[in-house]
There are 2 protein chains.
Amino acid sequence: MKAAIFKGKKMIEVGQRPDPRIQDPTDAIVRVVRGCVCGSDLWYYRGINQHRVGSIGHEYIGVVEAVGDDVATLAVGDFVIAPFTYNDGTCPACQAGFQSNCEHGGAFGNGETDGGQGEKVRAPYADATLVKVPGAEAEFTDEQLASFTALSDVTCTGYHAAVSAGVRDGKTVAVVGDGAVGLSAVLAAKKLGAARIIALSRNPARQAVAKEFGATDIVEERGDDAVAVVLRLTDGAGVDAALECVGTDQSIATCAGIVRAGGMIGAVGVPLYEEFEYKTLFWKNVGIKGGVAPARQYIPELLEDVLAGRINPGLVFDHTTDLDHVADAYAAMDERRAIKSLLTIGRG
Amino acid sequence: MKAAIFKGKKMIEVGQRPDPRIQDPTDAIVRVVRGCVCGSDLWYYRGINQHRVGSIGHEYIGVVEAVGDDVATLAVGDFVIAPFTYNDGTCPACQAGFQSNCEHGGAFGNGETDGGQGEKVRAPYADATLVKVPGAEAEFTDEQLASFTALSDVTCTGYHAAVSAGVRDGKTVAVVGDGAVGLSAVLAAKKLGAARIIALSRNPARQAVAKEFGATDIVEERGDDAVAVVLRLTDGAGVDAALECVGTDQSIATCAGIVRAGGMIGAVGVPLYEEFEYKTLFWKNVGIKGGVAPARQYIPELLEDVLAGRINPGLVFDHTTDLDHVADAYAAMDERRAIKSLLTIGRG
C-alpha cells in the first residue's frame with residue numbers, strides 16, 4: 001500500500017509499506033478516508049523531536065475493511081474515527097478514562113505501527129479503540145469529514161486542556177498558542193461555558209478561526225507584554241484558567257503569569273520547556289494538569305456535537321491535499337502557509 | 001509583652017517585644033490564648049529555611065482586646081481564630097477565596113509582625129482576617145481550644161491538600177507525610193468522603209492518630225518500596241489522589257509514583273524539592289495543585305465541624321507547655337518526641 005514515510009528532518013516521502021493484515025483477533029483493518037498532519041509531526045519534521053524512519057501520522061478516519069475473530073462491536077463497512085492512540089479498554093488507566101495511558105496501548109504511525117498518513121491501518125483492540133460514526137462515509141459532507149478527522153486528536157487535545165483546567169460556566173479563560181490545538185482549546189472553552197475567552201494570536205487567519213470558535217478577546221502581544229495586557233483585561237486579577245497549547249518555556253511562563261491566584265493551567269503542549277518549575281506555581285496556589293489527551297474518552301461526546309451541528313472543529317484545516325502531496329502538506333504548515341493540513345486519502 | 005524570639009538556628013528564647021497598638025483603623029489587638037509550633041517553624045529552627053531574628057509563630061487563637069475605628073464586625077471580648085496569614089478581603093485573590101495570596105496580606109510572626117508565640121498580636125484587616133468563635137473562651141474545653149488552634153493553620157493546610165486534589169466521595173487517597181499536616185490531610189480526606197485513605201507512616205504514635213482520623217491502611221515503607229506497596233494495595237492502578245505533605249524530592253517522587261493515570265497530587269509541603277519536574281507528570285496525565293492554604297476560606301466550615309463534634313483536629317497536639325517553655329516546645333518536635341506542640345499562653 002501507499003503511505004507517507006518519514007525519512008528524517010524535512011524528509012517526508014510517499015512510499016510503499018506492506019498491506020496490514022489481522023495479527024491479533026482483536027484487530028481491525030481500516031481503509032483510511034482522511035488523514036492529516038499534526039503539530040507534533042511538524043516537530044519531527046523540523047528535527048526538534050525524534051521520530052523513527054518509517055510510518056507516520058496518528059490521526060485518521062476510515063472504513064473497516066476486515067475484523068479479527070474477537071471483534072464484537074464493529075463490522076466490515078463501518079465508518080470509524082480513530083483516536084491517535086490505541087488502547088485495550090480494560091486496564092486501570094482505560095477504566096479511569098485515560099486511555100492514552102493504556103498499559104498495552106501505543107501510538108499509530110510511530111515508524112513501525114501503521115500511520116494515518118497511509119492507505120490502511122491495522123488498529124489493535126478495535127472494539128476499545130475505534131469509535132463508530134452512525135452512518136456511511138458517503139452520507140457526510142467534506143466539512144463533516146474534516147470535523148471527524150479533527151476529533152482524532154486536535155479537537156480532543158484542545159478539549160483536554162480545558163477539561164483539565166476545570167473550565168466551566170462563567171469562567172475567564174486564556175489560550176496560549178494559536179495552532180490547531182490552541183484554536184481547538186478556544187472551541188472547548190466555549191463548549192464548556194466560559195464567559196470570556198482570550199486568545200493570544202498575532203496571525204489574522206488564526207484570529208479569525210479563534211473568533212469563529214468563540215474567542216471574545218484577541219491579544220497580539222507575546223511574553224511579558226502579553227501578561228501585562230491579559231492582566232489589564234482582567235482588572236489585575238488574571239484568568240481562572242490558562243490553556244498551554246505550545247510547550248515552550250515562554251508559553252508556560254506566559255500561562256503562569258496570567259493565571260489568577262488559585263487558578264489552573266491546562267497543559268497539552270508537548271513539553272519542550274526546560275526551565276519551568278512547578279514550585280513557582282505553588283506560591284500562587286496555581287495548579288497544572290493535562291498531558292496526552294485521552295481522545296477515546298472524548299470522541300463520542302464531541303462526535304454528537306459535530307453531528308448535531310453544534311461545533312465545526314474541522315475549521316482548523318485550511319489546506320487540503322492528497323497522499324501523493326504529503327510533502328506539501330508538511331511544508332505548508334512548516335512555512336506557516338497553513339494552520340493544519342488535511343489529507344484526502346480514500347475519497348476525493 | 002512577653003514573646004518568643006527567634007535568634008537563629010536552634011535558638012528560640014522568651015523575650016520582650018513592644019505591646020502592639022492599633023496602627024490602622026482596620027486593626028484589632030488580640031490577646032493570645034493558645035499558640036503553637038508549626039512544622040515550618042521547625043525548619044527555621046533547624047536552619048533549613050531562613051527566618052529573620054525577631055517574632056515567630058503564625059498560629060493563634062485569642063480574645064479581642066482593642067479594635068480600630070473601622071472594624072465593624074468584631075468587638076472587644078470576642079473570641080477569635082486567626083488564619084496564619086492576614087488579608088484585606090477585597091483584592092481579587094481574596095475575592096477568589098485565596099486569601100493567602102492577598103495583595104496586601106502577609107504572615108504573622110515573620111520577625112517583624114507580631115507572632116502567635118507571644119502574648120498579644122496586632123491583626124491587620126481584622127474584619128477580613130479573624131474568624132469569630134460563637135461563645136466565650138471560658139465556655140470551651142481544652143480539647144476544643146486545641147482544635148480551634150489547629151484550625152489556624154495545620155487543619156486547613158491538610159484540607160487544602162485534599163481539596164486541591166479534588167478528593168471526594170468514594171475516592172482512594174494516599175497521604176505522604178505523617179507530620180501534623182499529613183495527619184490533618186487524612187482527616188480532610190475522611191471529611192470529603194474518601195473511601196480509602198492510605199497513610200504512609202512508620203511511627204506508632206502518628207499511625208494511631210492517622211487511624212483515629214480515618215486512615216484505612218498504613219504503609220510503613222518509604223521511597224520505591226512505598227510505591228510498590230501502594231500500587232499492590234490498589235491492584236496496580238494507583239490512587240486517585242496523593243497528598244504531598246512534606247516537600248522533599250523523595251516525598252513528591254513517591255506521590256508521582258503512586259498516583260493513577262489522570263489522578264491528582266495535592267501539594268502543601270513547602271517545596272524544598274530541587275529535582276522534581278512537572279513534565280514527568282504530564283506523560284501520566286497527572287496534575288498537581290496546592291500551595292499556601294487559604295485558611296481564612298476554610299476556617300468557618302471547619303469550625304462548624306469542630307463545634308458539632310464531627311472532627312477533633314486538635315489531636316495533632318501531643319505536647320503542651322507554656323510560653324516560658326517555648327524552647328522545649330521546639331525541641332520536643334525537633335527530637336520527634338512530639339508531633340506538634342501547643343502553647344498555653346493566656347489561660348491555664
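This is a predicted model: local features need pLDDT of at least 70, side-chain atom pairs count only at pLDDT 80 or more; totals for chains, interfaces and linings use all residues.

Visitor: Which residue of strand β2 of chain B is the bridge partner of Lys2(B), and what can be said about the sheet around that pair and the parts of the structure beyond it?

Guide: The bridge partner of Lys2(B) is Gln16(B), which lies in β2(B). That pair belongs to the antiparallel pairing of strand β1, residues 2-8 of chain B, with β2(B), a pairing that extends over six bridges. The two strands are part of an open, antiparallel sheet of three strands in chain B, whose order is β2-β1-β4. Since β2 (11-16) and β4 (54-55) of chain B each have a single partner strand, they stand at the edges, so one side of each has no neighbour in the sheet. Across β1 and β2 of chain B lies helix α12, residues 326-334 of chain B, which runs at about 160° to β2(B).

Chain A can be described in corresponding terms. Here too there is an open sheet of three strands with antiparallel pairing, in the order β2-β1-β4. The edges are taken by β2 (11-16) and β4 (54-55) of chain A, each with a single partner strand, so that one side of each is left without a neighbour in the sheet. Strand β1 of chain A, residues 2-8, runs antiparallel to β2(A) and is joined to it by six bridges, and within β2(A) it is Gln16(A) that stands opposite Lys2(A). Helix α12 of chain A, residues 326-334, packs on this sheet and touches β1 and β2 of chain A, with a direction that makes about 160° with that of β2(A).

Returning to chain B, strand β3, residues 28-36, has eight of its nine residues buried, and it is therefore largely enclosed by the rest of the structure. Its pairings can be taken in turn. With strand β5 of chain B, residues 60-67, β3(B) pairs in the antiparallel sense over seven bridges, and the bridge partner of Arg31(B) in β5(B) is Val63(B). Strand β9 of chain B, residues 120-123, also runs antiparallel to β3(B) and is joined to it by four bridges; in β9(B), Val121(B) stands opposite Val30(B). Strand β18 of chain B, residues 341-344, is joined to β3(B) by three bridges, again antiparallel, with Thr344(B) of β18(B) opposite Arg34(B).

Further along chain B, helix α8, residues 223-233, has Ala226(B), Val227(B) and Val230(B) as its buried residues. These cover an arc of only 100° around the axis, which puts them on the same side of α8(B). Asp224(B), Asp225(B) and Arg232(B), by contrast, are exposed on the other side of α8(B). Among the elements that cover the buried residues of α8(B) are β11 (172-176), β12 (196-200), β13 (217-219), β14 (239-244) and α9 (249-258) of chain B. Just after the helix, Asp235(B) takes a positive phi of about 55°.

The largest nonpolar core comprises 252 residues, and those with the most contacts inside it are Val175, Val186 and Leu243 of chain A together with Val175, Val186 and Leu243 of chain B. Apart from neighbours within four places in sequence, Leu243(B) is in contact with Ala161(B), Ala162(B), Ala165(B), Val173(B), Val175(B), Val176(B), Ala185(B) and Gly266(B).

There remains the meeting of the two chains, where 30 residues of chain A are in contact with 30 residues of chain B. On the side of chain A that touches chain B, the elements that give two or more residues are α2 (92-95), β15 (259-267), α10 (279-282) and β16 (287-290) of chain A, and β15(A) gives the most, with five residues. The residues of that side divide into 16 nonpolar, 10 polar and four charged.

Gly287(A), which lies in strand β16 of chain A, is buried, with 30 other C-beta atoms within 10 Å. Gly287(A) and Ile265(A) are 22 residues apart in sequence, yet their C-alpha atoms are 6.1 Å apart in space. Not counting residues up to four places away in sequence, Gly287(A) touches Met264(A) and, from chain B, Ser164(B), Gly287(B), Ile288(B) and Lys289(B).

Notes. Residues are numbered from 1 along each chain as its sequence is written. Chains are lettered from A and ligands numbered from 1 in the order in which they are written. Two strands pair if DSSP finds at least two bridges between them. Two residues are in contact if their C-beta atoms, placed from the backbone, lie within 7 Å. Axes are lines fitted to C-alpha atoms, for helices over the stretch in contact, and angles run from 0 to 180 degrees between N-to-C directions. Ala, Val, Leu, Ile, Met, Phe, Trp, Tyr, Cys and Pro count as nonpolar, Asp, Glu, Lys and Arg as charged, and the others, Gly among them, as polar. A residue is buried if 20 or more other C-beta atoms lie within 10 Å of its own, exposed if 12 or fewer, and partly exposed in between; C-beta atoms are placed from the backbone. The arc is that of the directions from the helix axis to the C-beta atoms. A nonpolar core is a set of buried Ala, Val, Leu, Ile, Met, Phe, Trp, Tyr and Cys residues joined through C-beta atoms within 7 Å.
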